[in-house]
Amino acid sequence: MSNKVTKDGIEPLEDERQQRQASGSISNSPLRPDGNEPPTLEEEKAVIRKLDWHLMPMIFIIYSLSVLDRSNLGNAHVAGLDESIGLKGDQYSTLGTFFYVTYIIFQSASAGWKHFSAHVWVTCIVCSFATISAAQAAAQNYGGMIVLRLLLGATEAMYAGVPVYLSFFYPRDRVGFRQGIFLSGSALANAYGGALGYAIIQIKGSIAPWRILFLIEGLPTFIMAVVAWFNFPDDIASAKFLSEREKQVAKIMVSREQTADVDDHTGLRWRDYLAAFKDYRSYLTGLMYFGCNVSFASLPLFVPTIISQIGSFTRLQANGLSAPPYLLTFILMITTSFISDRVRLRGPFVSFFSIISAIGFLLLATTEAAAPRYLGVYLAITIFVSVAILLPWVSNTHNTESKRAGGYAIFAMLGQAGPLLGTNLFPSDEGPYYRKGSWVSFSFCLVVAVTSVFLSLLLHRENRELDSMRRDEEDGQGAQSFRYII
């Protein structure tokens with residue numbers, strides 16, 4: 001057996017990998033499994049288009065609805081939730097915190113995307129968070145709302161592992177754009193959520209507007225549970241919309257520069273999964289995600305309040321005016337993810353948008369006039385573009401599917417601890433300018449920028465070491481083709 005590159009984080013289980021390759025259950029060869037020539041560029045593009053049309057709309061819509069269900073608390077707050085159920089002091093802000101308690105705890109459940117059949121996993125999750133979200137309309141007091149927010153956090157955390165699922169279907173230099181599309185569902189949900197919330201608040205009837213809000217935004221999600229059951233493929237082999245030739249092409253693409261379970265997909269390989277916990281890269285990306293979430297998590301809950309207290313807008317107008325900044329961020333996320341894939345760079349984009357966001361929070365912390373503060377909201381929300389680039393950076397940093405699942409679990413658990421701080425940065429008694437929250441968010445944006453530069457330099461150095469080790473190897477195929485995307 002030849003001595004492969006075994007640098008930590010590249011190929012920790014070489015013997016197992018070679019045994020699985022010999023049996024045909026995995027592949028990292030550039031050739032087709034039947035030994036013929038590789039697929040043409042036209043074939044690859046055709047397969048990517050099919051995957052996009054059949055996977056991305058479902059994934060995007062479900063995530064958009066899940067984010068709408070979690071963030072509509074901000075619109076409900078403006079629509080009279082506090083008065084109806086008797087919230088006092090900081091109880092509203094702590095409702096956001098309770099959601100993230102279980103959202104963090106259940107992040108490791110994202111491994112379910114690897115361990116269970118995807119269509120069953122998704123259907124159960126969607127049914128759960130749709131039921132809980134709609135049930136918020138029936139809340140009568142603070143305690144009942146706490147229970148519902150805890151349950152909502154647990155179920156939505158299970159869907160958050162979509163980036164791992166996408167890495168089973170797309171090559172590593174194309175998955176970033178698709179993960180960006182997935183995550184942009186959050187920005188779009190916050191955009192139309194503000195506009196929808198504004199419209200729903202205008203409804204007059206025997207039911208309080210905030211209760212109607214939860215029902216209208218929660219119940220339609222059940223439709224996507226039915227769609228998921230019949231349309232979510234478990235893996236490439238079970239994708240009914242692909243021909244046998246197209247499945248072979250997809251397997252070849254996803255196996256380039258990494259190890260892929262192309263025929264025996266379901267089931268975690270625990271040694272690979274646990275290897276991610278020994279990899280320092282998992283924690284650096286998690287730290288950046290933490291910084292992003294400290295800055296971003298509070299925004300959907302407090303942007304309407306901040307805008308309404310700028311001085312020029314009513315509370316109802318503020319709901320509508322919270323939409324355009326998210327719409328801009330949605331466009332930036334899609335565009336930046338596409339460019340990042342094409343140039344095969346992650347770190348520079350993370351740094352750039354975290355600095356832009358820092359400038360936005362600086363404006364919120366130091367100005368009082370309406371125009372610069374509203375501009376500050378636009379700039380601050382762009383921190384979410386950094387998150388869109390961090391997701392594929394995690395995927396690109398781990399070479400096997402199970403290790404990517406472990407790396408993403410660490411990334412998500414560390415990152416989602418950020419909202420525990422972020423959702424408490426804007427207490428009502430510090431309005432209308434919320435100086436402390438803006439300064440803290442500004443600081444964490446800078447932490448993200450510095451950490452991304454640091455990780456980029458480390459990965460550049462490790463790529464040079466890998467290149468040097470590779471030149472000493474007789475066999476240049478397989479895991480040795482792996483390089484970090486900086």
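Helices (H or I, at least four residues) are DSSP runs, numbered from the N terminus. With that in hand, welcome to this predicted model. Its chain has a mean pLDDT of 83, and 85% of the residues reach 70 or more.

**Confidence along the chain**
- Helix α18 (residues 347–366) has the highest confidence, with a mean of 95, while helix α1 (residues 14–23) has the lowest, with a mean of 44.
- The pLDDT is below 50 over residues 1–35, a stretch that has 89 contacts in the model beyond near neighbours in sequence.
- Residues 476–480 also have a pLDDT below 50, and this stretch has 11 contacts beyond near neighbours in sequence.

**A closer look at Thr221**
- Thr221 belongs to helix α11, which covers residues 221–231.
- Is Thr221 buried or exposed? Thr221 is buried, because its relative accessible area is 0%.
- Setting aside neighbours within four places in sequence, Thr221 touches Leu65, Asp69, Val126, Phe129 and Ala130.

**Cysteines and disulfides**
- How many disulfides does the structure hold? The count is 0.
- A disulfide is a covalent bond joining the sulfur atoms of two cysteines.

Definitions and conventions. Residues numbered from 1 in each chain as written. Predicted model: local features only at pLDDT ≥ 70, side-chain atom pairs only at ≥ 80, totals over all residues. Heavy atoms only, no water. pLDDT = per-residue confidence, 0-100. Helix = DSSP H or I, 4+ residues; strand = E, 2+ residues; numbered from the N terminus. Contact = heavy atoms within 4.5 Å. Buried < 20%, exposed > 50% of the residue type's maximum accessible area, 1.4 Å probe, protein only. Disulfide = S-S within 2.5 Å.
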